[in-house]
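Please look over the sequence and the model before turning to the points below.

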Amino acid sequence: MEGAIVSNNEATSNGGGFSFDKTAIGNLTGCTVVFNSALTDGGGYYAVDNSVLSLNNSLIANNSAKRGGGILSSDASQLVLLGDTSLTGNHADDGYGGGVSLLSGSFNIQQVTRAARSNTGRFSADIESALTNLTIVGNSTVHGFANRIGKDEGLLHVVLNTSGYYGLPCQHIQAQAILDDGTFLGSNVSDERGLVLLGFRVVRPPGRYIVSLSSPDYQNVHVANLTLHIRSCIRGEVTPSPDACQPCQQGFYSCDPRLEVCDTCPSTANCSGGDVLIPIPGYWRSSGDSIQIHRWVVHCVPAAYTARPKGQSKIVVA
């Protein structure tokens, strides 16, 4: 088809301008598809079921749909954008992919990024891609983690990257964290960079655990696993419960992590928290492991005594 103008059409489901399915092939050159709308997917073009949609020097503008305001390509369909083909001003204000929704991986990324400009959408304004990868940002193994008691303490923070075809960022993808015993830890959605910021509490005794990070909406995408090593409590902490370590705050101390509560700092020492126990002037402790604080006792030698001469067995009184 060449030189066609398709405008101001409305579809009650998919494909406001054109709809291709069941291995259909559409070759369009110099066509203008504008101001069309679809209630669900593909405001301008809708291509599914192994179809082929090839657009050359064509304009797709100001179309709208819940998903794929300009174009939606899915179900192994192929999308080709040649020449000066432009996707602009399309919108999916209540959904995904204002310019184009790519739920199939058969397309040229350079063609798509060149064509899709200045579209709007609630999520992924120009280009939406189906999720294909979940990867942990940073180290996938955490050592020395300890659970804390308190609303904002003891959280394990994980950043998960969600990406689609050709590494395109995926926005508003729900990701969840599940412990290896099936315990749900928490969930969040990806931002415009494709990053999911997760913070959750792992309340377990010391040991090795696996946290599985997945998207419940994309069960075919490989799960990202985080290996978590929870440590035992250490000096300066106490064990209020078998699965938590609580550090001692200023004015308290602990040299035995097996205790349930921190010891109160004695009046003869300064305690800045943890296992710090520093005697005040005039007092001392025999070692870093001792909790006994002793007072210095100074015995003055009377001036009447002199040092014992060499070989003399008694102190001579002057």
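In the classes used here, Ala, Val, Leu, Ile, Met, Phe, Trp, Tyr, Cys and Pro count as nonpolar, Asp, Glu, Lys and Arg as charged, and the others, Gly among them, as polar. By these classes, the lining of the largest pocket holds 4 nonpolar, 3 polar and 3 charged residues. The model is predicted: local features need pLDDT of at least 70, side-chain atom pairs count only at pLDDT 80 or more, and totals for chains, interfaces and linings use all residues. Residues are numbered from 1 along each chain as its sequence is written, and side-chain values use heavy atoms, with hydrogens and water left out.

**Largest pocket**

- A pocket is an open set of points on a 1 Å grid over the protein atoms alone, where a 1.4 Å probe fits and protein lies on both sides within 12 Å along at least five of seven lines.
- Lining residues have an atom within 4 Å of a point; among them are T113, R117, D126, L168 and E192.

**Sheet**

- An open sheet is formed by 5 strands in the order β1-β5-β9-β12-β16, with parallel pairing; its edge strands, β1 (5-7) and β16 (116-117), each pair on one side only.
- Strands are DSSP runs (E, at least two residues) numbered from the N terminus, and two of them pair if DSSP finds at least two bridges between them.
- Strands β9 (residues 59-61) and β12 (residues 86-88) pair in the parallel sense over 3 bridges, and I60 has L87 as its bridge partner in β12.

**Aromatic rings**

- Rings of Phe, Tyr and Trp (its six-membered ring) pair if their centres lie within 6.5 Å; planes under 30 degrees apart count as stacked, over 60 as edge-to-face and the rest as tilted.
- The count comes to 6 aromatic pairs.
- F18 and Y45 are stacked, because their ring centres are 5.2 Å apart and their planes stand at 5 degrees.
- F18 lies in strand β3 (residues 18-20) and Y45 in strand β7 (residues 45-47), so this pair ties together parts 27 residues apart in sequence.
- F107 and Y166 form an edge-to-face pair, 5.1 Å centre to centre with 65 degrees between the planes.
- Ring pairs also link F18, F20 and Y45 into a cluster.

Conventions:
Helices (H or I, at least four residues) and strands (E, at least two) are DSSP runs, numbered from the N terminus.
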